[in-house]
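Hello,

Here is the structure I promised to pass on. Have a look at it first, and my notes follow below.

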Amino acid sequence: MAGTKAGSNRPTQAQRAKAEADARKVVARNKKALHDYHIDDRLEAGLSLTGTEVKALRMGRASLVDGWVEIDRGEAWLHNVHIPEYAQGSWTNHGPKRKRKLLLHKQEIEKLGVKTREKGHTIVPLELYFVRGKVKVEIALARGKQEWDKRQTLREKQDQREAQRAMSLRKHL
């Protein structure tokens, strides 16, 4: 190839720019959902937002903690996700907890609708992020955990952390 050194594995400026654009820029995570639910299936969905909502998200402010997804007449809606008002917005500002439409394929919406009609299943948002300048939300089909499940998960995480700590101490000796 012309202009490249033989044996050079360094990415070009264009390749670096593409990799940077493709990278996820996470705005918010819902750690509580991973604690409260067993995650069965994950999907990436687009969000239909207003301009001030996107600007507020670019400032890195949002909360997914109490959010959920509802299937209504063949459309998926994201409820109770808090995107604060944009400080420089005027009368065009948005409502912080308004419901927002999720952009999914019809087959995905139908599949989620069937699953959520089963007892104990719900759809929760896990992560809100930017990919190539577009806002995406990772949603999950989830089953609620019992209290003892939550305690068991915490115990397993603590045991794993202690094992890692012991391994790292042994490695340094």
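Please keep in mind that this is a predicted model.

I began with Lys32, which touches Val65 and Asp66, leaving aside residues up to four places away in sequence. Lys32 belongs to helix 2 (residues 31-36) and is partly exposed, with a relative accessible area of 42%. Its C-alpha atom is separated by 15 Å from that of Leu141, a residue 109 places away along the chain.

Next, the interior. In soluble globular proteins, nonpolar side chains tend to be buried together. Here the largest nonpolar core has 24 residues, and Leu102, Leu128 and Ile139 touch the most other members. Two or more residues each come from strand 1 (25-29), strand 2 (37-47), helix 3 (51-58), strand 4 (75-79), helix 4 (106-117), strand 6 (121-131) and strand 7 (134-144). Strand 7 gives the largest share of this core, four residues. There is also a second, separate core of five residues, among them Ala33, Val124, Ala140 and Ala142.

If you want to look around Leu102, not counting residues up to four places away in sequence, the residues that Leu102 touches are Ala45, Gly46, Leu47, Val69, Ala76, Leu78, Val137 and Ile139.

Is Arg100 buried or exposed? With a relative accessibility of 1%, Arg100 counts as buried, because the cut-off for that is under 20%. Arg100 lies in strand 5 (residues 100-103), and its side chain reaches the backbone oxygen of Val81 at 2.9 Å.

On aromatics, I can be brief: searching the whole structure gives zero aromatic pairs. Trp77 does have a charge over its ring, though: the charged end of Lys99 sits there, 4.6 Å from the ring centre.

Finally, two backbone details:

- Asn80, in the loop between strand 4 and strand 5, has a positive phi of about 60° although it is not a glycine. Asn80 is partly exposed, with a relative accessible area of 24%.
- Arg132, in the loop between strand 6 and strand 7, has a positive phi of about 55°, and it is not a glycine either. At 57% relative accessibility, Arg132 counts as exposed, because the cut-off for that is over 50%.

That is what I have for now. Happy browsing!

Best wishes

Conventions
Residues are numbered from 1 along each chain as its sequence is written. This is a predicted model: local features need pLDDT of at least 70, side-chain atom pairs count only at pLDDT 80 or more; totals for chains, interfaces and linings use all residues. Side-chain values use heavy atoms; hydrogens and water are left out. Buried means under 20% relative accessible area, exposed over 50%, partly exposed in between (1.4 Å probe, protein chains only). Contact means heavy atoms within 4.5 Å. A polar contact is a pair of N or O atoms within 3.5 Å; within protein, one must be able to donate a hydrogen and the other to accept it, and residues adjacent in sequence count only if both atoms are side-chain atoms. A nonpolar core is a set of buried Ala, Val, Leu, Ile, Met, Phe, Trp, Tyr and Cys residues joined through side-chain atoms within 4.5 Å. Rings of Phe, Tyr and Trp (its six-membered ring) pair if their centres lie within 6.5 Å; planes under 30 degrees apart count as stacked, over 60 as edge-to-face and the rest as tilted. A charge sits over a ring if NZ of Lys or CZ of Arg is within 6 Å of the ring centre and within 35 degrees of the ring normal.
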